[in-house]
Structure formats: structure tokens, C-alpha cells
Amino acid sequence: MTDTPILLTPGPLTTRIETRRAMLRDWGSRDPAFIALTAELRERLLAVAKGEGTHVAVPLQGSGTFIVEAALATLLGRGSKLLVLCNGAYGERMVAIARRLGHAAEALRWPEHRPVEPERVAAALREDPAITHVALVHCETTTGLLNPLPAVAAVVAEAGRHLLLDAMSSFGAIAIDLSVLPVAAVLASSNKCLEGVPGIGFALIERRLLDAAAGNGPSTSLDLHAQWHGFEKDGQWRFTPPVQVVAALVEALRLLDAEGGPPARLARYADNLAVLLAGMRRLGFELFLEEAVQAPVIATFRLPADGSLPFGRFYDALAARGFLIYPGKLTQAETFRIGCIGALDRQDFARLIEAVAAVLGEVRSASAA
Ligand SMILES: *Cc1c(COP(=O)(O)O)cnc(C)c1O
């Protein structure tokens, strides 16, 4: 086992050595070199989703939840009402954030294993003309379920409402083409499919929508309109930027380009998932979701129903072999999760399957003794 474990998690995740090396220098936050790096960051983020013609990129210090909260605080105004399409914990979190900010917010819910249904969204929007914004979680990291973004975006646009997309665990791998998809704001962070290190959330927001959002936010540090104006004024961050995280993210974005962009990354993750699924099934594990709605981001498996493998024991045994897995986050079933994202390929997953097989062998011989 090396010092660096293999992170089979939805972020922070395994990063490339080049990305980590990009953090080995100091930057003056007001220096032209760092201003140029910030400009490159903002351009590259927009380019990943083809938003150059319509959207602006606004990075913010903090984790993904900070950008979700900042976007809701900035884009919801007086008289706004948010409908959140919920089939997991991240949708529920958006409802809680919007309400805590004092906004009207409702949830339209599906079970955790079921995708959002565009027809039900259309009906809800017909029934309640007060709804101004709709929020969707692209990939629900709770389970790994992929929601039908193009169909939901079409329904929301048809009804004349604004779609806010939590693309935290999809951005950089699963296609989001803002030149054709009507999405008002895309929210994501540095440490998931972009394979950067944690510390930055960012929003790609329709320029005219952000323009109209001046003064909405009750918060100073989470005001994305003011954050945007800061960048536009002098190219600088308003408050101390996480300079090394910016440098790592720019390097990670260059590496994404070199890999062939989101389609190539998606293909690698899909290959990871295929090796993982085949191996885990051979070892008797059952995937929680139907494969048709499973995104190649994170897979949820049921723990053995006989209780022979409690999560803590499984985790420790795999960690001792250099693999860090992730606990389940479901309300109804005993599960664990294995991420397919990060700087990993099919060989890493083949080695993981060998490690899981070895752990199962240990558990069986211990219980036979
Ligand atoms: C990771 C994630 C977030 C943000 O989580 P943080 O822990 O704040 O980074 C939000 N939504 C989804 C779908 C996520 O996967």
C-alpha cells in the first residue's frame, strides 16, 4: 500500500500527480500572473459546458454547498418561488437552504430509486403559476441516479420558468451543452468529475439573469452578483482566493482537455463502472438502482442481508488494502457506495475487485471457524 489511498468516493477523490504538483508554488492574489490564471479558470469552466455565448462563470471559495446556497441567495428575489425536484438528499438540501433564506420553496418528490418524471413537473408548473424557478439535481449522488436533464429542461423552458441545475457530481463528465439546453444556472465544484482538489464551487449563470440579480442576496460573501462584478472590474477575487486550489483546478481543466473533454472522461468512467459492476455481481453484490438510471459516477450496493459484513468492518478491511469506499446515504436500505470518478481506470477497479474478494474470503473463513 502506498501513502496515497485510492479514493472511491464522490469527492474529494483521487487526483493526478500533475494536479497536486500545481499546488507547490505561492501566488500573489493581486498579481497579474494570478489574475491571468483566474481568467483562464473562468474561460475553461464556461467552455466545458459550451456556455461562452450566454453564461458567465462565477467561482466562489468553499465547497459545493456554498455555491448552491450562494446561487439560491443571489438568483431568488422577492416574490420568487422555488420548486425542487427531489429524489435524494441533495434535492432535500436545496429545499432546506431556500427556506432558511426565507424563500417560498416546495418539493416535488420521487422515491430514491426513481428518476424525475418530466410530465409530473409540467403538471406541477401548470397548477402553480407562482413558481418562478425549478431546481434539479443532475446526478443524485445519494444513489448515483441520473435524472433526465434534457427532458426536464424542455418542460421548464416551455412553462417559462428558470431551471437551476445542481450538476455537482456530473459536470465535466456528463454532457451539459448550454448552447442548446435551456438552463439558467449550472452549479458544480472543483473536486468531483473535474478531478481538482476541494475548495472552489462555481456557477455558470445566464448573463441577463445575473445582471438582474443585483442586491438580491442577504449575504455579502455569498453574493454571486457582487462576486461576478469583482471579476469583471479588475479580474480579481473579492476576498482571499484559495490560490493553490485555483492553480490545481486550472491544471485539472487542462488535463480534461488533453484527455478529450467530457466525452472521453465519461467513457473512462463508464468503463470503470462496467468493471466494477461485473466484478461486484460475480461476488454476489446487488446494485441498488436499475442499471438504466445508473450514472457512471457512484454506484450504491446493498450490504449482505444476513448482516455478515457490517459497513465498518468492510471499510476497515478495504482501507487496510489501500481503498477507501463510501457509506450509504439512503433512508430505506443498508448500503455502501463506490465512486467511479477520479483519476482511476479499469485496472484500479480490477484491483479493487480482487481486494473485495479477499475481504469476503476473510469474513467467510472467520465465520466458519
Ligand atoms: C457533492 C455534492 C454537493 C455539495 O456537497 P459539498 O459536500 O458541499 O461539496 C451538492 N450536490 C451534489 C449532487 C453533490 O454530489
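Helix 10 (261-282) gives four residues to the lining of the second largest pocket, the largest share. Helices here are DSSP runs of H or I with at least four residues, strands are runs of E with at least two, and both are numbered from the N terminus. A pocket is found on a 1 Å grid over the protein atoms alone, as an open set of points where a 1.4 Å probe fits, with protein on both sides within 12 Å along at least five of seven lines; lining residues have an atom within 4 Å of a point.

This is a predicted model, in which local features need pLDDT of at least 70 and side-chain atom pairs count only at pLDDT 80 or more, while totals for chains, interfaces and linings use all residues. Residues are numbered from 1 along each chain as its sequence is written, and side-chain values use heavy atoms, with hydrogens and water left out.

The second largest pocket holds about 170 Å³ of space, a volume being the space filled by probe spheres set on grid points that are joined across faces, edges and corners. Its lining includes A47, V48, K50, D177, G260, G261, P262, P263 and L266. Besides helix 10, helix 2 (32-48) gives two or more residues to this lining. By class, the lining has eight nonpolar, two polar and two charged residues; Ala, Val, Leu, Ile, Met, Phe, Trp, Tyr, Cys and Pro count as nonpolar, Asp, Glu, Lys and Arg as charged, and the others, Gly among them, as polar.

K50, one of the lining residues, lies in the loop between helix 2 and strand 2 (55-61). Its phi is near 50 degrees, a positive value in a residue other than glycine.

The largest pocket has a volume of about 280 Å³. Of its 20 lining residues, G64, T65, Y90, R93 and K192 are the closest to the centre. Helix 3 and helix 4 each give two or more residues to the lining, which divides into nine nonpolar, eight polar and three charged residues.

The ligand takes the space of the largest pocket; to sit there, more than half of its atoms must lie within 2 Å of the grid points. Around the ligand (a heavy atom within 4 Å) are residues including S63, G64, Y90, R93, C139 and M168. This shell comprises four nonpolar, five polar and three charged residues.

Taken alone, the ligand exposes 380 Å², of which the protein buries 85%, with areas from the Shrake-Rupley method and a 1.4 Å probe. Helix 3 (64-75) and helix 4 (89-100) each give two or more residues to the shell.

Elsewhere, the peptide bond from G11 to P12 is cis, with omega near 0 degrees. P12 lies in the loop between strand 1 (6-7) and helix 1 (17-21).
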